[in-house]
Amino acid sequence: LTTPRPLIAGNWKMFGLEASLDEARAVAAAVSEAPPAARVAICPPATLLHRLAETLSGEPVLVGGQDCHPAAQGAYTGDISAAMLVDAGARLVILGHSERRGGYGESCELVASKVEAALAAGLEPIICCGESLAQREAGQAEAIVTGQIRNSLPASLAGQAFAVAYEPIWAIGTGLTPTTADIAAIHKAIRAILVERFGDHGASVPILYGGSVKPENAAEILATEDVGGALVGGASLKAKDFLAIINAA
Ligand code: PEP
């Protein structure tokens with residue numbers, strides 16, 4: 001089996017204005033000059049997608065969205081479809097991020113329908129999962145995450161390019177991270193479901209870790225068993241920090 005290149009994806013969330021394009025340009029310039037082992041993606045707010053895609057055209061840095069609607073088009077004020085992300089230059093899309101599951105009550109079933117929409121439009125979905133602090137303290141982390149994975153991954157992912165991101169909610173933006181043993185245990189449980197569902201293909205799907213990845217901890221986390229990359233929030237906003245993480249892969 002071939003091991004795919006790790007994926008390092010930056011999630012800018014609702015941060016980033018015009019000036020942020022300079023950070024992305026700096027990332028692209030460094031990645032072009034010294035190609036890293038990893039594939040690199042930046043997922044900016046929707047307002048910057050098109051311009052970022054234009055800015056990075058021809059550069060080895062992919063552009064992604066942060067969410068999409070399950071419908072192809074329609075009367076959905078404020079929403080954005082997978083085809084619109086593609087039209088703006090996106091190749092990937094983050095789906096089921098905890099800030100959407102928590103902030104907007106997105107269910108696994110809704111996430112699965114968004115995954116279907118993303119695949120239909122030709123996007124590579126990055127499907128997120130992760131437990132809360134209360135769930136971890138109650139010893140339920142693995143059960144919660146495996147439940148999310150079972151219910152958020154439609155059968156149509158078979159043979160398609162996609163990634164999973166394990167992001168413990170209590171580690172996002174807090175500076176806290178699980179031990180590498182804890183990360184490895186959850187990734188192993190996710191891998192088992194991927195293999196059960198998708199066979200050999202499931203064995204090679206990258207499982208990213210996300211939650212307070214920084215230059216100081218990236219090498220250790222990325223060297224952990226079954227960690228196939230990182231989803232990076234805060235540290236992806238500054239080219240210097242994001243590049244340090246990219247080069248740790
Ligand atoms: C995220 O929200 O995807 C994330 C991992 O954030 P941070 O790196 O800031 O913890």
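How many residues surround the ligand, and which are the closest?

**View 1. The shell around the ligand.** This is a predicted model; local features need pLDDT of at least 70, side-chain atom pairs count only at pLDDT 80 or more, and totals for chains, interfaces and linings use all residues. Residues are numbered from 1 along each chain as its sequence is written. The ligand is surrounded by 13 residues, counted when the C-beta atom, placed from the backbone, lies within 6 Å of the molecule. The closest are Asn11, Ile172, Gly210, Gly233 and Gly234. By class, the shell has five nonpolar, seven polar and one charged residues. Here Ala, Val, Leu, Ile, Met, Phe, Trp, Tyr, Cys and Pro count as nonpolar, Asp, Glu, Lys and Arg as charged, and the others, Gly among them, as polar.

**View 2. Ile8 in strand β1.** Ile8 belongs to strand β1 (residues 7-11), a DSSP run of E with at least two residues. Ile8 is buried because 30 other C-beta atoms lie within 10 Å; the cut-off is 20 or more. Beyond its neighbours within four places in sequence, its contacts (C-beta atoms, placed from the backbone, within 7 Å) include Ala38, Val40, Gly229 and Ile246. Ser236 is 228 residues from Ile8 in sequence, yet 9.6 Å away in space, C-alpha to C-alpha.

**View 3. Helix α1 against helix α10.** Helices are DSSP runs of H or I with at least four residues. Helix α1 (residues 20-33) and helix α10 (residues 239-246) pack at about 35°, axes 9 Å apart. Axes are lines fitted to C-alpha atoms over the stretch in contact, and angles run from 0 to 180 degrees between N-to-C directions. From α1, Glu23, Ala26, Val27, Ala30 and Val31 make the contact; from α10, Ala239, Phe242, Leu243 and Ile246. By class, that is eight nonpolar, no polar and one charged residues.

Key: Two residues are in contact if their C-beta atoms, placed from the backbone, lie within 7 Å. A residue is buried if 20 or more other C-beta atoms lie within 10 Å of its own, exposed if 12 or fewer, and partly exposed in between; C-beta atoms are placed from the backbone.
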